[in-house]
Amino acid sequence: MQILNEEKYVEYILDVTARLLAIDSPSGYTEDAARFVANEFLSMGYQPEITKKGGILVSLGGMDTENGILLEAHLDTLGGMVAQVKDNGRLRITPIGGMNASNAEAENCRVMTRFNGVYDGTFQLSNASIHVNGDYNTTERNFDNMEVVLDEETSSKEETQKLGIRPGDFVCFDPRTRITEKGYIKSRFLDDKLSVGILLGFARYLQEENICQDRAVYVHITVYEEVGHGGSASVPEGVSEAISVDMGCVGEGLSCTERQVSICAKDSGGPYDFAVVNGLIEAAVKTGADYAVDVYPHYGSDVEATLRAGYDLRHGLIGAGVYASHGYERSHRDGVKNTWKVLIGYCARTEQDEE
């Protein structure tokens, strides 16, 4: 199967992903990022709908509306929320999603108050000076003994409260996005903004190359995946398959690398649909995508939330290989390209394919 202008669309995916990563969007604070993604779809000529939950639902066209495919990816990320303004004026936070305190240590962050603007800070171990704290090396890093140190002149609870900071304010962590000359993409929150970028690149390819699909294809960009219910609603009528496009796992015991697309056969929620997994493998072979099939030991996806909500459909999961998940993550442009190619092979049809 011939795919046109591959590098052009990979460059677009990397660019739009970097721009999306720069927009803070922990679960529950996603409006700005959702608006950005909706505007990208609009610029291509699609008609995105903002769902009541704040996600984005868009039809990419296709002829068979009784046997449609739904592609799901999420733009919500990990983050934190102020749980307490401490007596010393610093902030104890509670994690949003699977944010890990130990790998967020010394990360710059922003406190997004509800009514009083944005304040910069750093997430640190309490008493973080190693020349002062004799227990620095042995102290467990968790959300009870770590704190946000504000970049403000405040040393008491009352002074911080006067800034307008209160429990319930969101805390957003710096993604530190970088794309290297060798093609590596390093950032927090590639899970799952990289996949959102891939779906935008897929949509742009269909529109610009005048690709016709046999089956109707829809995209749902969800905003509550990291807390478990992102894909639990907004399945269009006639959809018979849902495929989560999320990060592919890279690590000990798995075969996938950051340069490949990962096709998941089973995760902690159980096996994915046999026929869908087979179809994804066939699409990889047809398009020449470098792929791996793996079993993820600790993982859940949007499409499993869709099934738990009671929808009767087949399900699958693919994604570009991502190392150091839920930390400072890394993928590669080849993994992006291979994931994009599998989507094209699975969902799209051209006149040449018919012949």
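At roughly what angle do the axes of helix 4 and helix 7 cross? In this predicted model, local features need pLDDT of at least 70 and side-chain atom pairs count only at pLDDT 80 or more, whereas totals for chains, interfaces and linings use all residues. Residues are numbered from 1 along each chain as its sequence is written, and side-chain values use heavy atoms, with hydrogens and water left out.

The axes of helix 4 (residues 190-208) and helix 7 (residues 333-347) cross at roughly 50 degrees and come within 10 Å. Helices (H or I, at least four residues) and strands (E, at least two) are DSSP runs, numbered from the N terminus; axes are lines fitted to C-alpha atoms, for helices over the stretch in contact, with angles from 0 to 180 degrees between N-to-C directions. In the contact (heavy atoms within 4.5 Å), L194, I198, L199, G201, F202 and Y205 of helix 4 meet V336, T339, W340, L343, I344 and C347 of helix 7.

E241 lies in strand 13 (residues 239-245). E241 counts as buried because its relative accessibility is 6%, buried meaning under 20% relative accessible area, exposed over 50% and partly exposed in between (1.4 Å probe, protein chains only). Beyond four places in sequence, the contacts of E241 include R215, R314 and Y346.

G248 belongs to strand 14 (residues 248-250) and, with 0% relative accessibility, is also buried. A C-alpha separation of 19 Å is found between G248 and T306, which are 58 residues apart along the chain.
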